[in-house]
Amino acid sequence: MSLSVQPVQWTTDYKDPNYDGILLVTQNIDSLPKELEGLKDPLQDYGAVDSGLGEEVVVLKVPNLPGNRLVFAPTGPVNRDYDDVRRFSDAAGNGIKRAIKAGIQRPLLVCPPHSSYKRSTLVAALGALQVLYMPLELREVKPSPHKVAVLGVWVKEQSEGEQITELASALESGRFVYRDIGGSDPERMAAPRVAEYVKELFKNSPVQVKVVSDLSTLEKEYPCLAAVNRCANTIPRHQARVINLEYCGEGPIQQTLLVVGKGITYDTGGADIKAGGIMAGMHRDKCGSAAVAGFFQILAKLKPKHLKAVGAMAMVRNSVGSDCYVADELIVSRAGRRVRVGNTDAEGRMVMVDLLCEMKEKALNEVSPHLFTIATLTGHAIRAMGPNYSIIMDNGAAHRSENALQWQRAGEVLGDLFEVSTIRREDYDFHKGKSEYEDILQSNNLPSSATPRGHQTPAAFLIMASGLDKHGVDSDRPLPYSHIDIAGSSGPFPGVPTGAPLLAMATKYILQP
């Protein structure tokens, strides 16, 4: 499968005639390096008649520049307490929108490195690429899959150009896959079609793909997932798939990542239906699985050594109908725990928990394992931290190594930001069975946003119902586990998915080691 990722090229000449316009992203024109001195005069002349220069994107006609056009997209201040590297991606995104409106088809991004932000040029390129993504449904009907012919990136040296374009292309290819799966409508990316997409994507790549579709296998191996699938299973095009991925880098393996993604292709809420107009946008409930596929795409491109990754995409539709699962049902999880369903709209934890249990079983035989769940899991995550931040929380073994703080620091490098939460004893108490019938209560019957600690308690459920609580710090074999809630960071609707947390994940496990 050939992904139609936006072509990216580099040049050391900002007057390169291969381009038809310059997009300058910087804090202010006075800080431009000597190699870009030629861009100062026209901007200073413009500033003499417009004191607002530096506050918004402007387009200048400048003879002897590519296309005689200069788009200046200022970052604004970047050194205050609350500034971060996103100033560069935001400016580049705004600038590329204006460049396209100006008719530029071969823009050259000029973003000189900033002393406080080592990767600012790469971040700016990624900001432009976010805007340049064309949705899958449009690519399938339009004559060209690109919004511009090429995105150029100015660099001082060849080695820098090769590195930035390689990383930008690889990271964008992962986000591209994420957006295709996570952003496409619930029919275009129904579970069977996601499986087709992923198998074609990784054909002839270092990533191995295995798909589980047999209903009896799903019911036996993943009973909680099968319960959610029960209603959708009556419609062949909506039937569940478990998509297993594996990557094994060259050399002795030093670390193993075992990652489960929530892939709810559409969430009606089930019997506890999403009423009152809140169902729209729920095709985005598959962004956790989209992140798993996107990360493996980055692995396939950059081929990191000494790293093994095992992924599972839980692709299920939470439909409503005569055969849907309902509150009060008792379901025995793969780990043998009796789970009382409290709310069918808490389906994300249900489709992941048995896969997490399976990953736990695998982890016992892997080198330096770390387990993860990634999900657009709770509205509480947005209420608690806002719409732009992923939330990570560690179990005891992961907390000992300060894993969550490492992810938070990694996210700051490329602007894929995290907040850190903690799983507390109250979260475990919340999910303890309330009667002798059940071991574990799946959920209360309120929305997470109306539940105290509404984004933390599901992590405790996942630990308990998967049997990971038998591998805490008090056990003979502690297993590090982290839960990542991307309900806020996965992107706006209407709008295009962001790709969170791919940039942080790639930084931590590929770029930083």
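In which loop does His306 lie? The first point takes up this matter, and the others follow in turn.

1. His306 is found in the loop between α9 (residues 287-302) and β10 (residues 307-318). The model is a predicted one, and in it His306 has a positive phi of about 65° although this residue is not a glycine.

2. As to the overall architecture, the protein chain contains 16 helices and 17 strands. Its radius of gyration is 24 Å, close to the 24 Å given by the globule rule for 513 residues, so the chain is as compact as a globular protein of that length. Taken along the principal axes, the box filled by the C-alpha atoms is roughly 80 × 45 × 45 Å.

3. The bond from Phe493 to Pro494 is cis, with omega near 0°, and Pro494 lies in the loop between β17 (residues 481-485) and α16. The bond from Ala500 to Pro501 is likewise cis, with omega near 10°; Pro501, too, is placed in the loop between β17 and α16.

4. Helix α16 (residues 502-511) also takes part in a helix pair. Its axis and that of helix α13 (residues 403-414) come within 8 Å and cross at roughly 105°. Angles of 65 to 115 degrees count as roughly perpendicular, and α13 and α16 are therefore roughly perpendicular to each other. On the α13 side, the contact is made by Asn403, Gln406, Trp407, Ala410, Gly411, Val413 and Leu414. On the α16 side, Leu503, Ala504, Met505, Thr507, Lys508, Tyr509 and Leu511 make the contact. By class, the residues of this contact comprise 9 nonpolar, 4 polar and 1 charged.

5. How many cavities of 30 Å³ or more does a search of the whole structure find? The search finds 1 such cavity, and the volume of the largest cavity is about 50 Å³. Its lining is formed by Ser4, Val5, Gln6, Leu129, Leu132, Tyr133, Met134, Pro145, His146, Lys147, Glu172 and Phe176. Helices α3 (residues 120-132) and α5 (residues 158-183) are the elements that give two or more residues to this lining. In terms of residue class, the cavity lining has 7 nonpolar, 3 polar and 2 charged members.

Methods
Residues numbered from 1 in each chain as written. Predicted model: local features only at pLDDT ≥ 70, side-chain atom pairs only at ≥ 80, totals over all residues. Heavy atoms only, no water. Axes fitted to C-alpha atoms, helices over the stretch in contact; angles between N-to-C directions. Helix = DSSP H or I, 4+ residues; strand = E, 2+ residues; numbered from the N terminus. Parallel < 35°, antiparallel > 145°, perpendicular 65-115°, else oblique. Contact = heavy atoms within 4.5 Å. Nonpolar A, V, L, I, M, F, W, Y, C, P; charged D, E, K, R; others polar. Rg over C-alpha atoms; globule rule 2.2 N^0.38 Å. 1 Å grid on protein atoms, 1.4 Å probe; cavity = no way out; pocket = protein on both sides within 12 Å on 5 of 7 lines; lining within 4 Å. Points joined across faces, edges and corners; volume = space filled by probe spheres on them.
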